[in-house]
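Morning, everyone. Today I want to talk about an interface. Have a look at this one.

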Amino acid sequence: MRPPSPSIPEKKFLYDALKQSLRLDGRDMLDLRTPTFTFGPELGWVECAMGKTRVIAQLDAKMVKPLPERPFEGIITIHSEISPMASPDYEPGRPSEEEVTLTRMLDKVLRRSDAIDKESLCILAGQRVWQLRLTVHVLADAGNILDCSCLAGIVAFKHFRKPDVEVIGDEVTVVRIEMILLPKLTFFEQHSPSERAPISLAIHHTPFCVTFAFFPDVLTRPVVDPSLLEQRLSAGLVSIAMNAQREICVLHKAGGVPTAPEEVLRLINIASILVKDLDKRVEARLLEDWEGRKVEVR
Amino acid sequence: MSSRVELINAGLLRSDGRRPYELRTISINFGAQGTADGSVTYSHGLTQVRVSVQGPHEAKPGTRRETFHDRATLNVEVQLAPFGVGERRRRGRGDKRLLELAATIKSTFEPVVQTHLYPRSTIDIFIHVLQLDGGLLPACINASTLALATAGIPLFDFVCAISGGVHGTQPLLDLTTVEENDVPSVVVGVMPRTGRATLVQMETRLHMDRFEDVFRVACDAGKVLWSEMRDALRERTGDLVDKLEAGPGMVAVKETEET
């Protein structure tokens with residue numbers, strides 16, 4: 001089922017407002033909704049919310065045999081799901097077009113951009129590697145689930161710590177860990193020398209995705225991070241994934257209104273500024289969470 | 001490892017002897033499939049695709065609910081011949097990469113085809129990739145533009161797509177598979193009359209300053225492709241007109257006009 005299109009007055013109101021550079025939620029044309037992160041008790045469990053759009057990302061690791069053609073590399077798999085829970089527009093069963101786009105985009109932004117070092121996931125060449133499995137669940141769709149999912153995904157990778165392992169002869173031992181949320185004053189002792197704290201993943205760079213929406217009227221400037229209504233009424237989306245080092249990881253503009261080359265370059269410039277800001281915010285939030293957390297080794 | 005291949009030598013020549021901005025030979029052959037409304041075999045270097053366009057026609061019973069009351073829908077299907085790719089592997093219809101390719105082509109053409117002229121109907125674009133040596137998406141898009149034009153479907157403009165890459169700081173145009181595996185690649189589809197871009201796609205990491213260089217070069221290259229594609233189309237239309245005039249009926253018409 002296609003979602004019912006917004007009514008004519010609604011459409012006209014939005015277009016008129018945008019023509020005067022006003023957005024329905026009071027944001028500036030180039031303002032992101034401030035993302036908030038909620039971390040779960042486990043490492044690698046993140047809920048990311050941008051306005052009313054909410055996405056959960058969860059990462060877990062298990063040991064598997066590597067693929068025969070890549071014996072030195074760990075495996076990263078990404079599963080994403082848009083269930084009818086997110087919005088009544090989505091139906092269960094056959095993956096919708098949005099879902100294919102989301103899955104492919106997550107794959108490109110998080111996996112194919114080589115953000116995570118796969119070789120560091122190797123335990124014993126050709127025998128054992130870590131398989132990281134990221135599942136992304138869209139809880140609520142209030143526009144721009146793509147950016148929110150990418151953000152949740154990359155934060156989950158950064159938040160996650162994998163257990164330390166030791167290889168003795170041909171035996172692989174996992175140093176078991178348990179994460180407990182405890183107040184800072186708790187007293188710890190007795191670390192036997194073989195037991196170590198979990199280690200974070202080797203991450204080369206952190207890509208963030210920023211989506212712009214174009215409108216049919218040529219005089220209306222594009223808006224960043226479109227809300228659901230803006231997304232529905234837009235005449236094309238451009239998604240740019242960049243990192244704070246001003247490297248473009250993914251750029252996706254298919255169809256929509258034709259854009260002048262200068263406009264594309266302008267959007268990239270805007271994205272680079274937004275991404276730098278996002279990166280700072282994410283780093284600060286991750287640090288804050290890690291400070292309030294105690295990892296107990298048993 | 002592919003990174004040991006010398007992509008550009010000291011004389012600024014690429015592995016197949018081209019200069020950085022040199023495009024591969026393009027050949028366009030119309031009328032490959034008689035039953036389609038428009039069809040073209042487009043080869044670009046060693047990449048070869050055949051596109052046939054059917055329609056606009058009434059939507060098939062099963063898909064009728066997907067039609068719109070005010071415009072036509074496009075239906076794009078891409079098939080990769082197992083013998084055409086380096087690694088022989090059968091790809092099903094559910095292959096994610098091919099689905100995405102089809103979705104990209106569909107959304108590229110939606111604003112270009114004048115779909116509002118054909119309400120409640122469908123236009124089918126069937127793409128067969130016969131041989132692949134880099135530049136799959138550009139080849140599919142260029143061939144689809146030509147096939148749509150030969151099918152007599154009104155377009156606002158051509159879409160001319162080209163791939164580009166950067167080796168070190170040197171922008172390259174029209175990458176082969178060897179180059180595609182090694183350097184960041186960008187696909188740009190331009191509408192040559194206005195110079196605007198309908199499609200910009202990049203999937204590998206590249207600094208934004210480098211991107212700007214290659215993006216501008218690729219936009220210009222699109223216009224070069226346009227002249228090739230336009231000439232081919234004009235030649236075909238010219239042939240058709242000649243053939244019409246050669247018919248017995250036309251001779252009579254001409255005589256009456258002259259008298």
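Let's begin with charges. How many salt bridges does the rule find across the interface of chain A and chain B? Six. Keep in mind that this is a predicted model.

Here is a salt bridge to look up on your screens. Find B:Glu100 and A:Lys108: their side chains meet in a salt bridge, at 2.9 Å from N to O.

Now polar contacts. Between chain A and chain B the rule finds 15 residue pairs in polar contact, with both residues at pLDDT 80 or more.

So where on chain A do we look? Three elements of chain A give two or more residues to the side that touches chain B: α2 (97-112), β15 (247-259) and α5 (261-291). Which of them gives the most? That is β15(A), with 13 residues. And what kinds of residues make up this side of chain A? They divide into 14 nonpolar, eleven polar and nine charged.

Stay with β15(A). This strand pairs with strand β9 of chain B, residues 196-202. The sense is antiparallel, and the pairing runs over five bridges.

Last topic: size. The size of an interface is often given as the accessible area lost when the parts come together. Here, chain A and chain B bury about 2900 Å² between them. Of that area, 57% is on carbon and sulfur atoms. As for residues, the contact takes 34 from chain A and 33 from chain B.

That's it from me. Thanks.

Definitions and conventions. Residues numbered from 1 in each chain as written. Chains lettered and ligands numbered in written order. Predicted model: local features only at pLDDT ≥ 70, side-chain atom pairs only at ≥ 80, totals over all residues. Heavy atoms only, no water. Contact = heavy atoms within 4.5 Å. Buried area = accessible area lost by both parts, 1.4 Å probe. Salt bridge = Lys/Arg side-chain N within 4 Å of Asp/Glu carboxyl O. Polar contact = N/O pair within 3.5 Å; in protein donor to acceptor, adjacent residues only side chain to side chain. Helix = DSSP H or I, 4+ residues; strand = E, 2+ residues; numbered from the N terminus. Nonpolar A, V, L, I, M, F, W, Y, C, P; charged D, E, K, R; others polar. Pairing = 2+ DSSP bridges.
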